[in-house]
Amino acid sequence: MFTVITGAQFGDEGKGKIVDLLAEEYDIVARFQGGDNAGHTVVVGDETYKLHQIPSGILVGTTSLIGPGVVLNPFSLMSEMNLLQNRGVSVTSETFGIDTKASIIMPYHIALDTLGEVSRKNKIGTTKKGIGYAYADRILRNEIHLGDLFNEERFYEKLDNLLPAKKEMIQKLGGNLHDLFPDEEIKRLLKIGRELEDYAADVSYEINNSLRAGKNVLAEGAQGTFLDVVHGTQHYVTSSSTVAGSACTGLGVGPSQVTKTIGLVKSYVTRVGNGPFPTELEDDTGRHLSEVGCEYGTTTGRKRRCGWLDMPLLKKAVNLNGYTELVLTKLDVFTGLETVKICVAYELDGERIDYPPSMTEDLERCVPVYLDGDGWDQPLGEARVFQDLPQNAREYIEFIEKITRVPVSYVSVGPKRDQIIKMDIHRQKDVPCNSMNRKVF
Ligand code: GDP
Ligand code: IMO
Ligand code: MG
């Protein structure tokens with residue numbers, strides 16, 4: 001079985017928690033895109049782990065692989081590995097592998113990302129991790145692969161070819177070359193490269209062989225659908241393909257192998273960084289979602305913007321990813337709200353539309369049309385079966401299933417592993433949507 005999990009929104013949907021939960025059923029968990037811009041939180045008992053590059057399956061001992069579609073920061077990977085090992089998590093060459101063709105995020109990529117954001121008029125609000133510049137170099141065929149760090153001569157040959165243009169770019173953007181290319185850092189990079197050689201893998205080969213042997217592989221996405229470099233809200237996106245199809249190219253697995261695609265949907269929407277967000281709330285409800293949901297970036301600590309669930313965007317996410325299941329997270333955060341709204345359509349230029357316009361500039365002008373439902377006061381953290389949920393919460397879930405035509409397989413009601421409801425996706429849907437006081441569809 002080959003399952004792909006992606007974020008259905010703008011990232012931070014709770015992928016870390018759900019991958020950790022599902023990892024026990026899988027032999028391999030593999031990351032297929034992005035880099036250390038990702039921040040995946042996993043809560044195990046009283047311990048909280050924040051993973052940036054290592055797949056979330058590592059905590060349950062599932063073999064964890066980083067595919068060639070990823071851009072890799074060896075410095076932060078090494079500290080992540082050390083941090084896990086210091087906390088008693090086993091990260092050995094038996095259980096962890098990195099594809100030799102993962103592209104390296106070089107110090108100049110990080111410098112350029114930082115300088116680029118400063119000089120950019122329409123700021124994206126990147127994580128300043130060098131992601132865009134590392135992917136640009138891959139497309140320009142100017143990248144350094146992990147495997148290049150294993151061969152000092154080859155590495156310096158490539159670097160010497162690349163450096164003059166990088167220095168020129170940095171100088172043009174007002175950067176300081178002396179600080180940016182200390183020899184020490186390059187030496188440290190090569191040292192880390194030598195240490196990482198033990199973990200070098202051909203991820204496509206390993207996964208295909210495992211699938212042939214009847215094993216289960218889970219592909220873990222980073223970021224979210226609308227941060228996709230092709231299908232997202234350009235130019236406010238990341239630089240990789242974040243949709244499910246990217247798991248095939250990013251890992252080297254053919255599309256015929258995909259068994260399931262799971263979409264992670266937060267019960268509301270959050271976004272870090274700039275870009276359109278039709279349902280954004282800047283009122284007390286927005287503050288409730290932000291505070292109760294602890295909506296602060298895992299990687300940068302920035303406050304996440306919060307808003308109501310957006311069905312036009314979710315319908316597009318279903319199309320872009322071909323989801324066969326949805327997992328709904330953070331439903332517990334709604335407790336205490338008198339009214340829960342869902343955006344079911346937009347008004348654009350006097351017309352009502354129920355699917356997002358393609359152009360970012362048009363999405364920016366969309367005014368959400370809401371369907372209101374009653375909220376609930378009961379805390380949901382102890383709910384373990386669907387029937388434990390208040391009726392209004394059950395209706396919320398079933399409304400999402402009805403509009404997307406995709407079953408919800410799990411509902412998450414807290415950050416901990418056991419705060420989860422496994423849904424019977426073949427159940428009789430017996431809850432009418434009668435508390436929704438305005439019907440659009
Ligand atoms: P990811 O990037 O998609 O892995 O998500 P993040 O880890 O960046 O952000 C999700 C946050 O929500 C983390 O702090 C999780 O511990 C937390 N979380 C996950 N699921 C739930 C849930 O169902 N309820 C609550 N209250 N928190 C959750
Ligand atoms: P996870 O995997 C939320 C956002 C940044 C910025 C835009 C581009 O934890 O869901 P980049 O540094 O990638 O060039 O920044 O993308 N971004 C994320 N937002 N979650 C993430 O990852 C993100 N990774 C990047 O805030 O708006
Ligand atoms: Mg995150």
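## Terms and model

Helices (H or I, at least four residues) and strands (E, at least two) are DSSP runs, numbered from the N terminus. This is a predicted model: local features need pLDDT of at least 70, side-chain atom pairs count only at pLDDT 80 or more, and totals for chains, interfaces and linings use all residues. Residues are numbered from 1 along each chain as its sequence is written, and side-chain values use heavy atoms, with hydrogens and water left out.

Q223 sits in the loop between β10 and α9. Its phi is positive, about 60°, although Q223 is not a glycine.

H235 also lies in the loop between β10 (217–220) and α9 (245–251). The peptide bond from Q234 to H235 is cis, with omega near 10°.

## Two domains

The protein is assigned domain 1 (2–97 + 202–422) and domain 2 (103–198). These bounds come from an automatic or database domain assignment. The C-alpha centres of the two domains lie 29 Å apart.

## The domain interface

Contact here means heavy atoms within 4.5 Å. By that rule, 28 residues of domain 1 are in contact with 26 residues of domain 2. The two domains bury about 2,200 Å² between them, 65% of it on carbon and sulfur atoms. Buried area is the accessible area (1.4 Å probe) that two parts lose on being put together, summed over both. In domain 1, V71, P74 and F75 lose the most area to domain 2, together 29% of what that side buries.

On the side of domain 1 that touches domain 2, β6 (71–72) and α2 (74–86) each supply at least two residues. The largest share of that side, 5 residues, comes from α2.

## Aromatic pairs

The whole structure holds 8 aromatic pairs. Rings of Phe, Tyr and Trp (its six-membered ring) pair if their centres lie within 6.5 Å; planes under 30 degrees apart count as stacked, over 60 as edge-to-face and the rest as tilted. The ring centres of F10 and F277 are 6.2 Å apart and their planes stand at 40°, so this pair is tilted.

The F10–F277 pair links distant parts of the chain, 267 residues apart. F10 is in the loop between β1 (2–7) and α1 (15–22), and F277 in the loop between β12 (269–271) and α10 (284–292).

How values were computed: Chains are lettered from A and ligands numbered from 1 in the order in which they are written.
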